[in-house]
Amino acid sequence: MNQAEFQLRTPSDGTLELAQAILIYKGRSGNTLATVHSIEDVDGEAVIGAGRAATPRAVLNLARALCKGVGYGGFLPDNVLYLDGDLIVWWTPPSMRHVVFRVGAQHAESFGGAERGEAVPQPGLVFAASSRLWRVWAVKGAARPTPDSALYQAPYFNVNDRGDICQGSVQVPNGTTAEKLAAWNDAFFRSYFTHPNVQRKLVAYRGGAYRLWRDLLDGKHRRFPERALVAIDATLGRLLS
Amino acid sequence: MSAIGALPRLSAGVPKVVLPTDRIRADAGLAQYLVQAGALTDADIPETWNGVLEVCARALDGWAKHQIGPLHCLSPVFVLEVNETEDLRSSRRGQAAGYRSAKLCWIERQERQWVVGPGLEALERACAGLGAAVLAVLERAHLAYPLFTPDMARSVASYLYWYGEDDEGMALEEQCDDPDEREEMRQQMVTRELLESAFPAWACSFGARPPKRPTLRALSSKVADERLHAIVDDALALSRLHLKDEFRPDLDGEFVAWGAVLSWREDDVTVRIYDDLLNTAHQGEYCDLIGDIELPLDQPARFAEWRAAMRTRFRAIGLIDTLIHALSAGDWR
């Protein structure tokens with residue numbers, strides 16, 4: 001038989017038990033040796049056990065335990081596609097994302113309101129960001145893009161033909177490291193989409209881009225209709241070469 | 001003298017256990033919150049106990065177990081996670097503080113595959129439309145506990161493999177240049193034909209909406225078999241619960257918090273699609289919570305309201321569990 005469970009979690013351990021002691025030896029010229037000792041319980045008394053020299057790794061582990069929450073280096077996440085200097089290219093798979101539109105008065109009625117926001121299906125996207133650029137393209141399918149993957153015009157307002165994202169008043173993250181990707185995604189999706197910004201067709205959808213986004217906001221599509229994406233005659237590999 | 005006897009003993013003044021004063025205060029504040037929310041009463045306090053949090057945790061766990069009752073297939077886990085405030089962190093430098101807020105979320109501890117096809121087909125044999133009606137009730141109960149059903153497998157296959165289309169045609173055209181390559185890929189991928197052969201049409205609807213199904217109530221009177229009748233009774237009870245769309249997690253990304261995977265046969269394509277969905281989701285952002293709610297710890301009424309609102313869901317979870325168990329257990333030939 002199974003049973004439901006209810007767990008109560010606190011951010012840190014309530015009780016800390018005496019476990020180890022560190023003895024530090026210092027020479028006059030500044031040389032330092034640290035030894036780490038276990039604490040034994042002998043007849044109810046705490047006894048300092050035999051020690052061993054503290055290795056740099058042991059000291060680092062201790063420092064990390066004392067500085068829990070401080071970030072440190074690690075593996076790159078799967079969604080990072082390319083790195084070169086401060087340029088980082090990453091992918092977001094098709095997903096539901098909350099987006100907000102603030103359209104002009106002439107479109108408000110047909111769009112169902114001047115300001116509308118909903119969690120709606122998004123296509124797979126490839127973003128590129130560096131200290132000089134911030135761009136986005138769409139990709140079809142749910143697989144991680146390869147250099148041969150065809151790129152499509154990102155179907156968003158405020159993105160031009162080259163994929164440049166109009167920054168407007170959006171606060172972008174400071175830096176283009178892997179751990180900032182979520183913040184970059186947030187900066188894009190939490191901006192107001194106000195107007196198409198392309199010379200050519202933004203989407204291949206009956207009624208155009210306003211209609212597509214209205215239908216998405218109205219919940220008419222459970223998944224982003226990928227047939228509406230407009231090809232730009234570029235692949236990820238060609239773009240980066 | 002033994003070697004260990006020669007080792008230095010720490011003064012008795014060195015504490016073996018440390019519990020920060022502010023932490024004790026914060027834990028007491030949480031207990032008070034639970035008391036005010038009606039989640040911790042005199043009856044919950046044992047004769048002996050080691051810590052306030054242990055008492056609180058035991059009371060909450062006992063409540064959930066009592067409310068939902070014993071389960072056969074599902075293992076829901078509710079987690080109340082309190083957030084340390086900035087002040088509590090700085091309180092280590094001598095300032096007083098407590099927990100400020102908490103987040104309550106729930107998940108399925110171990111989602112598993114349950115083969116419900118033969119059971120549903122037995123219902124369908126007993127009365128045309130009955131298997132479909134019971135499956136529809138389970139699908140509609142996703143507000144209480146989301147289930148990965150055959151129709152969900154179809155929807156996900158369209159999204160994962162077919163570029164949102166109803167079959168693999170466009171995906172093959174996009175990815176393969178020549179017919180041989182296309183055929184080779186078709187052999188390897190999940191195709192519409194594979195799905196249609198895995199599930200009866202009434203369990204997995206392609207294209208147009210399925211015709212309106214007869215109601216369970218209308219069909220239930222036609223079932224004589226006791227075992228089938230019990231299933232119909234539970235499905236009827238589940239369908240009558242008024243489930244609200246609330247406590248939906250505010251997380252971006254693909255939803256993967258399924259409570260169970262309902263396949264038709266042991267080795268059908270459902271689990272493959274489910275695994276592919278999880279693999280894809282885990283490459284980006286995903287939502288692995290069935291429900292969640294923020295609980296400011298200065299508003300105990302919010303927690304009391306949540307407990308009241310969950311009664312219907314708990315009843316639904318129990319009925320879903322009973323239905324999955326009944327449909328997947330035993331010989332239905």
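**Entry 1: E165(B) and its partner**

I looked up E165(B) in this predicted model and found a relative accessibility of 17%, so E165(B) counts as buried, the cut-off being under 20%. I then asked which side chain E165(B) meets in a salt bridge. The partner is R227(A), with N and O 3.2 Å apart. This pair crosses between chains. R227(A) sits in the loop between α4 and β14 (231–235) of chain A, and E165(B) sits in the loop between α7 (150–160) and α8 (169–175) of chain B.

**Entry 2: D41(A) and K16(B)**

I next examined a salt bridge between D41(A) and K16(B), whose closest N and O atoms are 3.4 Å apart. This pair, too, runs between chains: D41(A) belongs to strand β4 (residues 32–42) of chain A, while K16(B) lies in the loop between α1 (3–6) and β1 (17–18) of chain B. Are these two residues buried or exposed? D41(A) has 53% relative accessibility and therefore counts as exposed. K16(B), at 35%, counts as partly exposed.

R186(B) is partly exposed at 32% relative accessibility, and E183(B) is partly exposed at 36%.

For the totals, I noted 25 salt bridges over all chains, with 7 counted between chain A and chain B.

**Entry 3: The contact between the chains**

I asked how many residues each chain gives to the contact. Chain A gives 48 residues and chain B gives 61. The area buried between the two chains is about 4,800 Å², and carbon and sulfur atoms give 55% of that area. On the chain A side, the residues that lose the most area to chain B are F6(A), L8(A) and R223(A), which together make up 18% of what that side buries.

**Entry 4: The nonpolar cores**

I turned to the largest nonpolar core, which has 104 residues. Among the residues with the most contacts inside this core are F6(A), F148(B), W306(B) and I320(B). Helix α14 (residues 300–328) of chain B supplies the largest share, 11 residues. The core also draws at least three residues from each of domain 1 (21–108) and domain 2 (113–288 + 301–329) of chain B. As background, nonpolar side chains tend to be buried together in soluble globular proteins.

I followed I273(B), another of the residues with the most contacts in that core. Leaving aside neighbours within four places in sequence, I273(B) is in contact with residues including F148(B), A153(B), V156(B) and Y161(B). I also noted a second, separate core of 40 residues, which includes Y152(A), F193(A), V198(A) and A209(A).

**Entry 5: Helix α4 of chain A**

How many of the 10 residues of helix α4 (residues 208–217) of chain A are buried? The count is 7, and among them are A209(A), Y210(A), W213(A) and D215(A). The elements that cover the buried residues of α4(A) include β8 (95–102), α2 (105–111) and β9 (115–122) of chain A. After α4(A) comes G219(A), which has a positive phi near 80°.

D43(A) has a positive phi near 50° and is not a glycine. D43(A) lies in the loop between β4 and β5 (45–53) of chain A and counts as exposed at 73% relative accessibility. N158(A) likewise has a positive phi, about 65°. N158(A) is placed in the loop between β12 (150–153) and α3 (181–189) of chain A, and at 10% relative accessible area N158(A) is buried.

**Entry 6: Confidence**

The complex has an ipTM of 0.87 and a pTM of 0.64. Chain B averages a pLDDT of 87, and 92% of the residues score at least 70. Over residues 86–96 of chain B, however, the pLDDT is below 50; beyond near neighbours in sequence, this stretch has 16 contacts in the model. Where pLDDT is low, the predicted coordinates should not be read in detail.

Key:
Residues numbered from 1 in each chain as written. Chains lettered and ligands numbered in written order. Heavy atoms only, no water. pLDDT = per-residue confidence, 0-100. Contact = heavy atoms within 4.5 Å. Core = buried A, V, L, I, M, F, W, Y, C linked by side-chain atoms within 4.5 Å. Buried < 20%, exposed > 50% of the residue type's maximum accessible area, 1.4 Å probe, protein only. Helix = DSSP H or I, 4+ residues; strand = E, 2+ residues; numbered from the N terminus. Domains from an automatic or database assignment. Buried area = accessible area lost by both parts, 1.4 Å probe. Salt bridge = Lys/Arg side-chain N within 4 Å of Asp/Glu carboxyl O.
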